[in-house]
Amino acid sequence: MANPRISFEYFPPKTAAGKDKLLNETTPELNALGPEFFSVTYGAGGTTRDSTLGVVSTIRDAGIDVAPHLSFGGDDEDAVAAILETYKARGIQRLVALRGDMPSGMGTAMQLVHANDLVAFIRERTGDHFNIEVAAYPEIHPESKSYQSDIAFLKQKLDAGADGAITQYFYNVEAYFYYLDQCTAAGIDKPIYAGIMPITNYENLARFSRNCGAEIPRWICQRMESFGDDQESIRQFGLEVVTQLCQTLIDSGCPGIHFYTMNQVEPTRAIYNNLGL
Ligand code: FAD
């Protein structure tokens, strides 16, 4: 069976030292694993406009394929068109197109633009230049009215011109398989790559998961909590669980795995090595 596509996600570091480490230490080590591309998140409301561009440009200049994430985030069409032109000029050929979330403290001051409209806008302004991927939610986006409507909106984003989707992370592999079946039944025939979050810091993961529509199964919570402050046992158990998850995905012919690296080498590399990719 062919190896799945592998990609690695970063967020733009807040400090110069963090950026230096990401670009000069983390990226060469992760790139040695042979990913198809890196992606770099975009802060709510365009708050990382410059830092996302900075990280993306440096990675691209090193000859590595990279996909900036993008959302309208309160910007008007001219501002987003200008960002698209900048990326084109820098040789970027991939994008991850999102609605994003309202930055805290913004209230209703900002109008969120759904991802399908952003995809249509990118296609209108730049034709086929970019390979565009969008977000998908095997356990369903937290604001969705229903399971089927979330799938219908995913189809809308793909029909607007996206080439594929990357999922929110999940630990319930059955949820992903069921979701793929439901997407196929809804007429979706584009690849839905699995987003995978290595487990390192359990408390942070549990807090984040409550907001983003990803469930940590009870048996994993129970086991993690039983380790208390024993970080080495948490790391070891997390590695086993996520390796097994990825192995099941690969055995089922999953088209690709997108690692949420959290800007760290080791958790992702350890899973990667366990899988013998
Ligand atoms: P949409 O596809 O617009 O969907 C949002 C909600 O609205 C869903 O409930 C959907 O069912 C519904 N919906 C969709 N289209 C319509 C429509 N046309 N009319 C009415 N309802 C609709 N966040 C960031 O801030 N920065 C990032 O870089 C980032 N990267 C991400 C990468 C991945 C792979 C994933 C899975 C998520 C990422 N996120 C990021 C989080 C994402 O921005 C949030 O989950 C956000 O709440 C939804 O974005 P979306 O693009 O999925 O929105």
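Visitor: At roughly what angle do the axes of helix α5 and helix α6 cross?

Guide: In this predicted model, local features need pLDDT of at least 70 and side-chain atom pairs count only at pLDDT 80 or more, while totals for chains, interfaces and linings use all residues. Residues are numbered from 1 along each chain as its sequence is written, and side-chain values use heavy atoms, without hydrogens and water. The axes of α5 (residues 147-159) and α6 (residues 173-185), both DSSP runs of H or I with at least four residues, come within 10 Å. With axes fitted to C-alpha atoms over the stretch in contact, and angles running from 0 to 180 degrees between N-to-C directions, the crossing is at roughly 65°.

Visitor: Which helix gives the largest share of the shell around the ligand?

Guide: The ligand is surrounded by 23 residues (a heavy atom within 4 Å), and the closest are Tyr-42, Asp-101, Tyr-137, Asp-150 and Lys-157. The largest share, four residues, comes from α5.

Visitor: How far from an oxygen atom of the ligand does a polar side-chain atom of Asp-101 lie?

Guide: An N or O atom in the side chain of His-69 is 2.9 Å from a ligand oxygen atom, and for His-141 the corresponding value is 2.8 Å. For Asp-101, the separation between a polar side-chain atom and an oxygen atom of the ligand is 2.4 Å.

Notes: Helix = DSSP H or I, 4+ residues; strand = E, 2+ residues; numbered from the N terminus. Polar contact = N/O pair within 3.5 Å; in protein donor to acceptor, adjacent residues only side chain to side chain.
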